[in-house]
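Open your viewer and get ready to select a few residues as we go.

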Amino acid sequence: MNKLLVSTAAWVLAAGIASSAGAATYEAQIVRTKYGIPHVTAKTFGGLGYGQAYAFAQDNLCLLADKVATVNGERTRHFGADATNVVAFTDIKNLESDFFFRSNIDVPALRAKLDKGPADYRDLVYGYVAGFNRYLADTPKDKRPADCRDGAWVRPITVDDMVRLNEERMIQASGGAWLRQTNAAAPPAAAAPAKAAANVGLPNMAEQIGLGSNGWAFGRDVTTNKSGLLLGNPHFPWETTNRFYEVHLTIPGKFDAMGVTIAGAPGLSIGFNKDVAWTHTVSTDRHFTLFELALDPTDPTAYLVDGKRHAMDRNAVTVDTPAGPQTRTYFTTLYGPVVVMPQAGLAWTSKTAYALRDANKGNSASAGTWLDIARSRSVVEIRDTITKSLGIPWVNTIAADRHGDALYADITATPDVSADKLKTCAPSPAAAKLAAASRVYVLDGSRAACDWGAPGLMAGATMPSMIRQDYVANSNDSYWLTNAKAPMAAVSPIVGLTDIPQNLRTRSGIVEIDARLAGTDGLTGKGFDQAAVKTMLFWNKNHAAELFLDDTLKACGTGGAVALADGKSVDLSQACAILAKWDRRMDNDSVGALLWMEYWRQAQKIADLYVAPFDVADPVHTPRGLKTDPDTVAKLRQALAGAVELMAKQNIALDAPYGAHHFAIRGEHKIPVHGGEGSDGVLNAQQAHFNAKAGGYVPYHGSSYIQVVTFDDKGPVADAVLSYSQSTDQASPHFADQTWLYSKKGWHRLPFHPADIAADEPSAPLVLKGK
């Protein structure tokens, strides 16, 4: 196999492939190693995209074809109006999705930006289109996955499809999240029963959906090998095109990086090369603002800015449905589309309307940013790249390099709106209330001075970042406690808040890092290495239980009966005994974990619960302690009784091992899944829906691709696992193989070097040549 790899490199260097954007010839080679990971080698970025798309289509044809139908607004035609799909991490009916994508994506503008943008990325995209279409041409219908074998929605893709897909990814934490509010907007005199505007409230923000991740980077002062060390642990959906896909991309002598990409996205999203490793966590930035419009008294579709009248643009959009075509008219302003949220007090009246300005709409700067990250040689280069481009849409960047430096950067496409402007330009009490309650910021659209600062985005050099030689860490709180020993100063609230309670994953992570530094965590020594970080993540400690279980057991007492609201009586004796013996972990064999999960979901909602409330001087260890007054104890017992009653209804024994009812369904198999809810402070976060038919909790969002990367004299040393596996095709051998690996807390040493590839069950090479 070593000879094969050498000859492959020689072939690539001699191939002389032309730029994919200017020619129609592509060549690539694909070698797959264990768990179906493709290693794509080409001479140009066009060839690299060609091979990457072909490999992805082999594993996930239906997944990408389905999403192409979504971003083209064709779901109603193919799947029905009332069926749902996922947009911006939220279930949306197909008809609503179709209207939104047909009205809100400017394809000509996006194509123009692509064609004028970085040549390497442009070539990658054009090659990707050709590679996907080559797979379709090579694969008869009867050889395609059963899920989409006969689907009319499976078709060759175009460059227009690719720019639509990229735009959809860019606006997931901004304009996409405002889909319902955009669709429901209609002038006060217009009848819009189908839009059900009166039922529309605020959109789900990232923190409400559960978007998250852990990103830790350690520097030479605390690592055993004096090099950098990175944990990348994104918590992302297990379904839809936000699934990650592992791939290794190589242009000999020019580009060599490995990791994962978001499904259907050319290049890499998270990964490593010979010098750096990087990951992302969802940021606290608001990547949009609203503008309150002062309307023309004679026309609710016109508004005034500094006394000057502006007519709204109108766009009539039609979607074909089984009941016939439906048409809606969308209204757009200088700031962006009109949106409504009557439940939140922001309606379109004869006097006032609201418009959404989106920092990530048309974000073409992202195009080359990830390519430049993937070929960086240090974390300094990564920070310089994202500072200059402002192309990162809605995630923090955490990275480590072989020199032993660690980077945290909350440098994203964020509105240039200062704290002072938020105060002086808040137009109404309702707007101020939204800012305080949900960090939705509304500015006075009647004054030009209240628009974002020119050119619109906050300068990267002014946004939070740090490079350290000990550690940086983020678990989706703001930049404030990136390093608990060196809290960062406050910037504009639109980036994130400081001096506020932290989520339990943030607190748990800092506690674990501090314990490792002090050598008090039960592991050998004090420094960080791959083994220590992998153990820390997969300990599956429930931090809520570590903080509050003892007080819960005091409330339990000796058990006894509790009367529920429906008149039923529940005996707590068995539940209390089980929790007393629970290991306080969310391992597959943990007994009591399921009971605690349901109990704490209810108990944490109790008002005025904690003995020690949040203290800004001790943010890692507060709040702590549960009150012991009779009223609080009664409420805690009610919460536990409710959990007992719920588990009885679900036919789950109180003493059932966690993995017996917390599993991934793969065909006929129920694969136990360890990890628990991030709101419990479980670092290895997993969110699950109860599936009555399956008789258990099925994860849908959480730990996905996990990488622990350091560096030796040869380059990267990476251990990883992809929790849900590479392929969505049930007939694929890679539909569940890594899910089983993850279930057993296993890891895969990723083969980056030629010798490692040769030793990792390589396939015969697939050489592709085409147009």
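Start by selecting Cys-148, which is buried, with a relative accessible area of 1%. Here buried means under 20% relative accessible area, exposed over 50%, and partly exposed in between, with a 1.4 Å probe and protein chains only. Before you move on, note that this is a predicted model, where local features need pLDDT of at least 70 and side-chain atom pairs count only at pLDDT 80 or more, while totals for chains, interfaces and linings use all residues. Residues are numbered from 1 along each chain as its sequence is written, and side-chain values use heavy atoms, leaving out hydrogens and water.

Helices (H or I, at least four residues) and strands (E, at least two) are DSSP runs, numbered from the N terminus. Cys-62 is buried too, at 13% relative accessible area. Check the torsion about the S-S bond: it is about -75°, so this disulfide is left-handed.

Next, select Cys-425 and Cys-450, another disulfide, with sulfur atoms 2.1 Å apart. Cys-425 lies in the loop between helix H12 (419-424) and helix H13 (429-438), and Cys-450 in the loop between strand E20 (442-444) and strand E21 (465-468), so the pair ties together parts that are 25 residues apart in sequence. The link is left-handed, with -85° about the S-S bond, and both Cys-425 and Cys-450 are buried.

Which cysteine does Cys-556 form a disulfide with? Select Cys-576: the two sulfur atoms are 2.1 Å apart. Cys-556 belongs to helix H16 (residues 543-556) and Cys-576 to helix H17 (residues 573-581), 20 residues apart. Cys-556 is buried at 4%, and Cys-576 is buried at 7%.

Finally, zoom out to the whole chain. Colour by secondary structure to find 21 helices and 34 strands. The C-alpha trace spans about 80 × 75 × 50 Å along its principal axes. Colour by accessibility, and 61% of the 771 residues count as buried.

How values were computed:
A disulfide is a pair of cysteine sulfur atoms within 2.5 Å.
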